[in-house]
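Biologist: I would like to learn how to read a protein model. Where do we begin?
Modeller: Take the sheet, then the helices on it, then the core and the charged pairs.

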Amino acid sequence: ADPKDALRSQVSAALKEGRVTPTELCQRCLALIKSTKFLNAYITVTEETALKQAEESEERYKRGQPLGILDGIPIAVKDNFSTAGIETTCASNMLKGYISPYNATVVQKLLDQGAVLLGKTNLDEFAMGSGSTDGVFGPVRNPWSYSKQYKEKSVPKSHSEDKESDWVISGGSSGGSAAAVSSFTCFAALGSDTGGSTRNPAAHCGVVGLKPTYGLISRHGLIPLVNSMDVPGILTRCVDDAAVLLGSLAGHDPKDSTTVQDDFKPFELPNLTDVSKLSIGIPKEYHAPGLSSEILALWSKAADLFKNAGAKVVEVSLPHTRYSIVCYHVLCTAEVASNMARFDGLEYGHRSDVKDSTESMYAATRREGFNDVVRGRILSGNYFLLKQNYEKYFVKAQKVRRLIANDFVKVFRSGVDILLTPTTLSDAAPYTEFIQEDNRTRSAQDDILTQAANMAGLPAINVPTALSERGLPVGLQFIGRSFQEKQLLTVAKWFEKQVQFPEIQLEEVKRHDSGVFQHQKSASFS
């Protein structure tokens, strides 16, 4: 069982046939986590717990009673999902040392199916950001910075410059989860997606990132950013694996009143051979300012791929897209201001030593606990929610949000099945370049192609498509109709098969720990 293999077809089969044991698989991933420590993908590695879970899984396989496809499969979870007995920090001083008394529903569902939890992954503080550079544990490095493909293409800088600063960002805010999957340290990871936080890092790290329909997967235990847009996201190395995880996680949860009431039936993705009945929409507004010529060319090529295979490809218009960033800024900060009020130093998390008065303790706690980005969003949000501003900003933004959602409804009613768009404006930026701009400017630019799907609550997926001229991954995004994940994933799987995205060749990792890699056969994803 090569860490590069697909879950259903290969890893699960290898475990069932006894070609590899859950413990061996777990030890292999833990060794890789150690050898790729420089990526900073994990905040907490739960080695003892993971090995114990792997042993229990091994016992079940010996009895011939595995709990399902995910039994014994090593996974990672973004550090804004509550995990019983394991620290949950949200990459913030505010929650350093906080241990949740319960598991998030998605984490519990994975554990109930025998998945092995390797650890908690790094992110932007409280998931506010698009580079995974703003967390208190430091930035996440993109594994592709150390790939043979990138090394061959990048121009060597003068020796006087620090070789260390050559690496590129992983995207965000679920950068740790994307980097973990991309560097083979786990088979799948959970992220969260509020404005593109799963799809953006998936595009930059060359993995599949699925944001399901709002309400399909429970948010219970996901520390909230924007309740009306947050969705747990799924990061895997191929589309089939994303479908496996979705099948395990989706469905009603009595602890989350926004989840769908109907039962969800897990599905296996068919191999699509005929796309002639499909109608693919190309939204012209996604030809956004700042879109690199490389990605534009790739987008056109992908549209031609569908056209040449017999699908109907039509240009469509989503006229209110251009207001979505401003609208998102108002709604996001307003909900952030409300959600962050719970961190007051009284019940859990950091508490300041200032003891002059309760008010001064509150203020000092929040000043010490939150970084500038979080504090800035709290201030903006409270401004928009002031009595004299509420109608002018918050209510108006809600109305614009409705118009944005209606644009999608109209397009899908017109007969379009799936929308095809870029996921990001360009490939991953070098870290030194990325931090020149502030978080708000960067997030506004980086969310432009992804967050309309969150506003409308629609399912969307990033599929790694090609390598840029710099040897870095570029992805394209498919947006589907509400609750039509099966159709969306089926089309994404067909596209994935057509493009044959190359596998990462991690030279640096081999150097860091050749022993782990010497048995690796160069398998494709499935």
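**Reading the sheet and its surroundings**

Modeller: The sheet is open and has 11 strands, in the order E1-E3-E2-E4-E6-E5-E10-E11-E9-E7-E8, with mixed pairing. Its edge strands, E1 (42–45) and E8 (312–316), each pair on one side only. From one strand to the next the twist averages 30 degrees. Keep in mind that this is a predicted model.

Biologist: How many bridges join strand E2 to strand E4, and do they run parallel or antiparallel?
Modeller: In general, strands of a sheet pair through backbone hydrogen bonds, in either a parallel or an antiparallel manner. Here E2 (residues 74–78) and E4 (residues 188–193) run parallel and are joined by three bridges. Ala 76 stands opposite Ala 189 in E4.

Biologist: Which strands does helix H8 lie across?
Modeller: Helix H8 (residues 239–249) lies across E4, E5 (208–211), E6 (231–236) and E10 (460–467), and runs at about 145 degrees to E6. Helix H9 (residues 293–308) also packs on the sheet, where the strands touched include E7 (279–283), E8 and E9 (418–422). The direction of H9 makes about 155 degrees with that of E9.

Biologist: Which residues have the most contacts inside the largest nonpolar core?
Modeller: That core has 135 residues, and those with the most contacts inside it are Phe 126, Phe 408, Leu 420, Ile 461, Phe 478 and Leu 489. Leaving aside residues up to four places away in sequence, Phe 126 touches, among others, Cys 90, Met 94, Ile 223, Phe 343 and Val 374. A second, separate core has 17 residues, including Val 168, Ile 169, Ala 428 and Phe 434.

Biologist: How many salt bridges are there?
Modeller: The count comes to 13. In one of them, Lys 62 meets Glu 59 at 3.9 Å, N to O. These two are three residues apart in helix H3 (residues 47–62), so about one helical turn separates them. Lys 62 is exposed, with a relative accessible area of 61%, whereas Glu 59 is partly exposed at 41%.

Biologist: Are Asp 71 and Arg 60 buried or exposed?
Modeller: Both are buried. Their salt bridge has its closest N and O atoms 2.8 Å apart.

Definitions and conventions. Residues numbered from 1 in each chain as written. Predicted model: local features only at pLDDT ≥ 70, side-chain atom pairs only at ≥ 80, totals over all residues. Heavy atoms only, no water. Pairing = 2+ DSSP bridges. Helix = DSSP H or I, 4+ residues; strand = E, 2+ residues; numbered from the N terminus. Axes fitted to C-alpha atoms, helices over the stretch in contact; angles between N-to-C directions. Contact = heavy atoms within 4.5 Å. Core = buried A, V, L, I, M, F, W, Y, C linked by side-chain atoms within 4.5 Å. Buried < 20%, exposed > 50% of the residue type's maximum accessible area, 1.4 Å probe, protein only. Salt bridge = Lys/Arg side-chain N within 4 Å of Asp/Glu carboxyl O.
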